[in-house]
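Colleague: Can you walk me through the charged pairs in this one? Keep it short, please.
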Amino acid sequence: AQHVTKLLSSLLERARGTQTPSSEQKARKQKTEAGATGGADKLAELKRDASVVTDVMQYHEDPTRFLSLLPQLFEMLDVITSEDGGASFSADGDESLDQSLLSCILVLLQAHLGKKPEEEEEGKKKKKRKEEQSKGEEGLGAAIEQGIRMEAIVRCLRRAQAPQTRHDALLLLQALTAAHPRQVLKHVMTIFSFLGETGLVHDDHYSFLVIEQTLKSIVPPLIACGMQEEELLQVFVQSLLLIPAHRRMR
């Protein structure tokens, strides 16, 4: 786990170094083609390395060993989707880095939510150990919640061109709504606007099913955490014209 932590930290630093700030974009265009090729090679290498690291975490027999890295994964997603420089990561149409991060975060989050409590231990020493472990898990849960970057997921949704990227982001959104609905509530208008736009632009059966399942998954927790039903209905009324006519009666 320590080795993976170091690799992820290195990837994060490399990702920050690969960003192209908007203030420098014009200057970048004036660089030689050889320099541009070198930058493309570095980006391709970064994507390959990130894919290896995320695969190690999500396909490990015990993904919970890497839960402490969730904030760093969210931070990297934030870096590659940032408005000031994030466009360079998907300029070639390759969204594999987005997909690797989204799927890895989802697996680790599901592992965190699905952790089964250990069998009750007997004896004072074992009880004390269990209490200390419980406090550690509570601290980890708080760190994970604080590390969530909902803005990054929303930006990832809005810029995605590949259906797989959209679906991965929506699956992660569903899981986050179940675990941390108040985090999602802050961005609910943007999310619903995206869902309406997606239904209009990507009007295929599978995309519609994913959107439908997303709504079924996120609406009940949002209402449970304080969103008014009237406010929710108003969002759908405003989005009605964005929904293809043949989809409105489902």
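Modeller: First, the criterion. A salt bridge here is a side-chain nitrogen of Lys or Arg within 4 Å of a carboxyl oxygen of Asp or Glu. Keep in mind that this is a predicted model.

Colleague: How many salt bridges are there in the whole structure?
Modeller: The search finds seven.

Colleague: Start with D78. Which residue does D78 form a salt bridge with?
Modeller: R155. The closest N and O atoms are 2.5 Å apart. D78 sits in helix α4 and R155 in helix α7 (residues 150-159), so the pair ties together parts 77 residues apart in sequence.

Colleague: Is D78 buried or partly exposed?
Modeller: Partly exposed, at 21% relative accessibility.

Colleague: Now R159. What is its partner?
Modeller: R159 pairs with D98, with the closest N and O atoms 2.6 Å apart. This links helix α7, holding R159, to helix α5, holding D98, across 61 residues.

Colleague: And why does D98 count as buried?
Modeller: Because its relative accessible area is 1%, and buried means under 20%. R159 is partly exposed, at 21%.

Colleague: What about K47?
Modeller: K47 forms a salt bridge with D94, the closest N and O atoms being 3.5 Å apart. D94 lies in the loop between α4 (70-81) and α5 (96-113), and K47 in helix α3 (residues 33-58), so parts 47 residues apart in sequence are tied together. K47 is buried, at 6% relative accessibility. D94 is partly exposed, at 30%.

Technical notes. Residues are numbered from 1 along each chain as its sequence is written. This is a predicted model: local features need pLDDT of at least 70, side-chain atom pairs count only at pLDDT 80 or more; totals for chains, interfaces and linings use all residues. Side-chain values use heavy atoms; hydrogens and water are left out. Helices (H or I, at least four residues) and strands (E, at least two) are DSSP runs, numbered from the N terminus. Buried means under 20% relative accessible area, exposed over 50%, partly exposed in between (1.4 Å probe, protein chains only).
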